[in-house]
Structure formats: structure tokens, C-alpha cells
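Let's take a walk through this model together, from a single side chain out to the whole chain. Please keep the sequence and the coordinates side by side as we go.

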Amino acid sequence: MHVTGVEESAAAAAPAADPSARTALRATETAKAVGLAAATMGANVVAVAFTIVFTRLLGTDGYGALAALLNLSVILFVPGSALQVAAAREGALGRLGHGGELAGTLLRWMRHIALGLAVVAVASALLQEPLAALLNVEQSWAAAAVPPTAALWFLVCIQRGLLQSARAYRPVGLSIVLEAIGRLAVGAVLVAAGLSVTGAYLGTLASLAITAAVLAAVLRRRLGPPAPGTPPHPLRSLVRDAAVPIGALTVVAALQNVDVIMARHALDEDAAGIYAAATVAAKAVVWIAVGIGLYVLPEATRRAAEGLDPRTVLARGLAIIVLISGCALAVFAAVPRLLLKTAFGEEYADGATILFTLGAAFALLACAYIAVQFLLGLRHRAFALVLLVVAAAEPVLLLGADDLEGFART
């Protein structure tokens, strides 16, 4: 971003900043990014534990079915994630009000989402068999739970976005970690109760419900009670304004997750389960990128609005991802079989032949994700067309692969 003449004049007129103060500020901003990345890394560790537990409890076929359910969920989570982007941006710019006005806006949005959740739950129950066929899984009630889970995620994302806009990064980070722990704990209890794959998936639904309740209480404390007579900020307007983020992030989610769903159709059940387990390790860097993106978007938006160069935020986020990706790829190259065997069990060790390939692919996707968040913060759009072309080609190409190595290369 080039500095305009007005900005140059303002910079010249401003008093010289204390170098030590600038250094401290940069350290603080980096700490925020690292803190959110650490929270997402913590959730990533729990997700790996989730995989370790359920690969052993469910076997390759059962875990393959669970992975298909979870990966469809992630794709359906995109509208919520995009609305989190929009809420963080609009809130950071003060367009949703402050204090009681913002609390009133949140209350109205929560009522609308609750109504939508009820409608989605009924429709999903009626369409459970087609949903199960789409995923090639036998657990029809688990498949029916996927859309309501996405609706709950939508609510959680709105809550996190408003917290981001208030620069309340700590509760956002904590909610990410605790939500992941809840998925594991509740899912394990339900599997132990005999619900198998369905119980493992319903742990996600229950954890999101608990997270939404906790974040509602946090927002209530921070914002205070809703102020009467405040101007409305319709949720549909936010959705309309977020059309580009929804489209772009949906495409990124498809690139990241459609492979596991397609594996249920292109590979045999055991190979699909092995592939799904290998992607959990390979995608770790993408999950970290999601945490960094929570910092990149609002900070890039804020710096651009203040006439500052936002590219420093992008560079900071990419530097963290490159460092983490390098460490991960070194491990994937050195001890892939030992890693998968130790984590998931002997029956998943054949995934060692594809781990480095998948790791390299998802490292690049992690960099792309950070760049997408940056571009969305600056309201760019054209880049989404590039993503769309690749995402449209991926499932078609994956159907032509009939073994693990070919599937991973594609």
C-alpha cells in the first residue's frame, strides 16, 4: 500500500516516536498473534488427541465415517466463519455500535439464529437418509446432526467476531481450546455409552452448545445489558456484506476438506480411514493458520483505516506459518511411519507414504489462508476466482485416483 501525500504530511508533522516504544508495541502485537496461534495450536493438540482416541475406538472404517461427517461440518461452518470475519471487521470500525447498542444488536441476532436452528434441525431430521448417502456413511442420525451443528457454529462465530472487534483476544483463544476439549470429552463419553460413530460426532454438537452459552455470558459482562431504542443492525445486512468472505472461505474449506469426503467414494473403507488419519497430522499447520487469521483480519483492517501499511500484519502472520511449517515437514520427512503408528496405531502406518506430500500441500494452503484473511480485511474480491477454479476441479480429479499415493498427489 502506497502512502498518500496527506499521510506523508501527517507523518512529517507527527512527533518522532520513541524507538523503544515502537519495539514494545511490535512485541505486543506479535504476542497477540502468537497467543491466538497458540490457542489454535492447543486446540490442534486436542484434535490430534481426538483422532488418537477415536481411531483406536472406531477402527479404520468407523473413523473414516466420522472423518467424513466432520469434514462436511467444516465446509458448512464456512458461513459462520465468514460472518465472524464480517462481525470483527464491522465491529472494529464501530459500525455495530458500542456497549448497550452492541448488546442489543447481539440479542436480536441470537434470536434470529435460534429460530433458524430450529428450522434446520427439523429439515435435517426429515432428510437424514439423503445426507447419509452423500457421505457414504451408515449413521443417518449422525448425518442429520451435521446441519444443526453448523447452525450452532454460526452462533459461536458471531460471538467470537464481536469479541475480536473489542480486541478481547483472550476469551476468543480460550473458547477455541475449551471447545476442542469438550468435543473430545463428550464424544468419548457417548462412545463409551454405546453410540459409536454417532456418539463421537454428537460430542461436537454438545461442545458448541456449551461454548455458545459461555461466550454469551462473557459478552454480557463486557457489553452490559442491551440498551433500549438503539438503531437496528440487521443480520441480513451483515450476511449480504459478507457474501465475498463466505464465497472465498467456502472455497478454502472445500480445498481443505473435500478430499476426505471423496476418499469415501474413491478408495476402499480402510484406505479412506488411513487417509483421513494422515490428513489430521498434515492439516495441523492449517488449524494454526486459522488462529493467526483471527488476528490478521481485524488488525489489517484497523491499520488500513488509520492510513498505515497493513502489510506488516500479513508479513508477521506468514512468518509464523513458514516457521511452523518447516518444523512440521522435517518431522514428516524423517519419521512419518513412527509418527502415525505411535499416534493412531499399527493399522494406520501405511499413511506414512503420503504424509510429507499432504504436509507440503497443507502448508501452502495455510499460507493461502492467511493471505485470504488479509485480502478480505481490505475488501479485495478478484482473488476468489482463482480459488474457485481449483476447488471446482479438485473433486473431479480425485475421483480418478484409486490408491493412497495417487490420491495424495492429486
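Is Thr301 buried or exposed? Thr301 is buried, with a relative accessible area of 5%; buried here means under 20% relative accessible area, exposed means over 50%, and partly exposed is in between, using a 1.4 Å probe and protein chains only. You will find Thr301 in helix 11, residues 284–305. Helices (H or I, at least four residues) and strands (E, at least two) are DSSP runs, numbered from the N terminus. Leaving aside neighbours within four places in sequence, Thr301 is in contact with Arg89, Leu93 and Gly377, where contact means heavy atoms within 4.5 Å.

Before going further, a word on the ground rules. Residues are numbered from 1 along each chain as its sequence is written, and side-chain values use heavy atoms, with hydrogens and water left out. This is a predicted model, in which local features need pLDDT of at least 70 and side-chain atom pairs count only at pLDDT 80 or more, while totals for chains, interfaces and linings use all residues.

That pLDDT is the predictor's confidence in each residue, from 0 to 100. The chain has a mean pLDDT of 86, and 92% of its residues reach 70 or more. Over residues 1–17, however, pLDDT stays under 50, and the model has nine contacts beyond four places in sequence for them. Where pLDDT is low, the predicted coordinates should not be read in detail.

After helix 3 comes Gly94, which has a positive phi near 80 degrees.

Next, look at Ser207 in helix 7, residues 169–223. Ser207 is buried, at a relative accessible area of 2%. Its side chain reaches the backbone nitrogen of Arg183 at 3.4 Å. Beyond four places in sequence, Ser207 is in contact with Leu178, Glu179, Gly182 and Arg183.

Ala266 belongs to helix 9, residues 243–266. Not counting residues up to four places away in sequence, Ala266 touches Leu398, Leu399, Ala401, Asp402 and Phe407.

Two loops also deserve a look. Asn136, in the loop between helix 5 (128–135) and helix 6 (140–165), has a positive phi near 60 degrees although the residue is not glycine. Asn136 is partly exposed, with a relative accessible area of 37%. In the loop between helix 14 (352–377) and helix 15 (383–398) sits Arg379, with a positive phi near 65 degrees, again in a residue other than glycine. Arg379 counts as partly exposed at 44% relative accessibility.

Finally, step back to the whole chain. Its secondary structure comes to 16 helices and zero strands. Of the 410 residues, 52% count as buried. Among contacts with a separation of 6 or more, 82% come from residues 24 or more positions apart. The C-alpha atoms fill a box of roughly 65 × 50 × 35 Å along the principal axes.

How values were computed: A polar contact is a pair of N or O atoms within 3.5 Å; within protein, one must be able to donate a hydrogen and the other to accept it, and residues adjacent in sequence count only if both atoms are side-chain atoms.
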